[in-house]
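Biologist: Hi, could you walk me through this one? I'd like to start with how the fold is held together along the sequence.

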Amino acid sequence: MNVNQLPDESGHFGPYGGVFVAETLMEPIEELRLAYEKYRQDPTFLAEWQADLHHYVGRPSPIYYAERLSDSLGGAQIYLKREDLNHTGAHKVNNTIGQALLAKRMGKTRIIAETGAGQHGVASATVAARLGLQCVVYMGEVDIARQEANVYRMRLLGAEVRSVTSGSKTLKDALNEAMRDWVTNVDDTFYIIGTVAGPHPYPAMVRDFQTVIGRESREQMQDMTGRLPDALVACVGGGSNAIGLFHPFLADTDVAIYGVEAAGSGLDSGMHAAPLCAGKPGVLHGNRTYLMEDTDGQIIETHSISAGLDYPGVGPEHAWLKDLKRANYVAVTDDEALNAFHQLTRIEGIIPALESSHAIAYAMQLAERMDRQQTILVNLSGRGDKDMHTVAAQEGLQL
Amino acid sequence: MSRITDCFAALKHQNRTALVTFITAGDPQPSMTAPLMQTLVEQGADILELGVPFSDPMADGPVIQRASERALAQNTSLRDVLDIVREFRSQNLTTPVVLMGYLNPIEIMGYQHFAAAAQEAGVDGVLTVDLPPEEGHEFIPVMQQHELDPIYLLAPTSTPERIQRITGSARGFVYYVSLKGVTGAAHLDVQSVADKLTQIRTMTALPVGVGFGVKDAATAKAMAQIADAVVVGSAIVSQIERLVDEPSKMHEAIGELVRAMRTAMDQGA
């Protein structure tokens, strides 16, 4: 089987993915699938998306050789794909531009989005402002409290941020609420999902918009080092930045692939957000994938210092890559991620997002086990400005 | 013949429309559910829908979401729900019981295990909200093997092709969602519902129920004139929520609401 050609026609990656939604959503999803099938091959649409990526987002994002960090570890050489330098500060905008342009093509005037850390919400509010679309962002009450700055950014951009108070009041509940909004307002509303999860075609569509990361990286690494990297490392919450980096390398079997989940207080503690490392397959949010669930099939609350990784599911393509053993899924704790955050900041002068700090932390462990001649490419998926309050609070400071 | 088919046949004979009532199992306490089911039947319900609580009820409005949360706060599991049905069946052997919920709790129990246990407990039909027929090729045969009717939703946006496909997999009855939205939403347009029912009936001989938005006796009466079954959920669950601290009054309040709907529906016939 060629993993590059998945999903199949009905949206499955092996046993994962699919369309598990109420009948009320089947038709809007079919409408979206048909529109995406049409425009993904439309040269005008793609040219418009690429022009925005260049002139508005600032792509291609550079790759930076983290020489001092690599030297301090004494092992493999670490390179960083600088998605943190994108407009709005993370990889999320690659996808929101694509989906918002699709929304316009479909004649939708209102976009909705769910957000955890607020990065996808900001990226959605940004493109809505740019395209003159109405924008409503659903965000859990708990996340609103811990990501105040991003809430204010969204409001500045003209979006309405709706607080979600059901369930655990975090990202998964925001997703539920956005789905309810969509089903109620299907005529004029486009739902921009921020990660490679949800019912087909979302996992494939979001991946396709994010693979610009991996396509650029292949060329850039060959230009810089004369060959492909020996290993790729990216953090995995829902998994969009990771699949964006990994996918163009799937056929390169010499390139080892590592997805890094949030181990929170440790996988043994139960206080984590690592469904691939410690969960079971199940059905949530329109797709079958690995989930954090209890023995009755109820979804359980996740724990991570990083709001963007605090999600009980994961994209179905990652679930399949895990089972196929094409990618390795590992986890690092809050403490390890914080340590990496400080290391990168002090040694390279780059403040990473707490999400991306998980990838840095694992790359640092991996580098020590590899030779100096080998290379690791890490997706630095976002910048850490949004996390100042969280990191300061760890040190007992209030900003 | 299933209890559901028998029920619709008997009602047709009497020229009456079925009243289908929904409550969430375990709301507010697992021990209260079977007695509430008895009250619903005594006051005029023909078919009982029992919600299986789930942590992420994507297709439900706030009233039923909160019911799910109350039930989960009491740790009501799918196994507990089947115990409740068994308890109800010890007193009532005729009224059909349909479970309504989401796939994940069933999946983790295992399709075979669940279907066998549900049949043994006396369940008649299962409406798995997030399992469209396209994804049901493993579960549906297992349900049928255990004489459980697969019940499906149809939506205002369902195309003729989808109605065909769904009614092809459905048994017992089909449940038409009368508006775009979640359970308990407002604004029912009787004429557009009637038009859609006409279309659905050209494609299936199964009875067609209407729900999502039946709030009171007046809407129940209007729907009874065009549908084979009227499904009432959020209106009843709201009464449970209102009286959560005065459970002694719950039976009276719910009984009154159901009786009023029953009377209005029968008058309209």
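Modeller: Happy to. One term to begin with: a contact here means heavy atoms within 4.5 Å. Bear in mind as well that this is a predicted model.

Biologist: Thanks. Among contacts in chain A between residues at least 6 apart in sequence, what share joins residues at least 24 apart?

Modeller: In chain A, 74% of those contacts link residues at least 24 apart.

Biologist: And how many helices and strands are there in chain A?

Modeller: Chain A has 16 helices and 14 strands. Its radius of gyration is 19 Å, close to the 21 Å from the globule rule for 399 residues, so chain A is as compact as a globular protein of that length.

Biologist: What does the C-alpha trace of chain A span along its principal axes?

Modeller: About 55 × 50 × 45 Å.

Biologist: How much of chain A counts as buried?

Modeller: Of its 399 residues, 65% do. As for the surface, chain A exposes about 13,600 Å², and carbon and sulfur atoms supply 48% of that.

Biologist: Switching to charges: how far apart are the mean positions of the positive and negative ones in chain A?

Modeller: They lie 3 Å apart, with 34 positive and 50 negative charges counted in chain A.

Biologist: Is A:Cys135 buried or exposed? And what about B:Cys7?

Modeller: A:Cys135 has a relative accessible area of 4%, so it is buried, the cut-off being under 20%. B:Cys7 is buried too, at 13%.

Technical notes: Residues numbered from 1 in each chain as written. Chains lettered and ligands numbered in written order. Predicted model: local features only at pLDDT ≥ 70, side-chain atom pairs only at ≥ 80, totals over all residues. Heavy atoms only, no water. Helix = DSSP H or I, 4+ residues; strand = E, 2+ residues; numbered from the N terminus. Rg over C-alpha atoms; globule rule 2.2 N^0.38 Å. Buried < 20%, exposed > 50% of the residue type's maximum accessible area, 1.4 Å probe, protein only. Areas by Shrake-Rupley, 256 points an atom, 1.4 Å probe, with all protein chains shown as cover. Lys, Arg positive; Asp, Glu negative; His and termini not counted. Charge placed at Lys NZ, Arg CZ, Asp CG, Glu CD.
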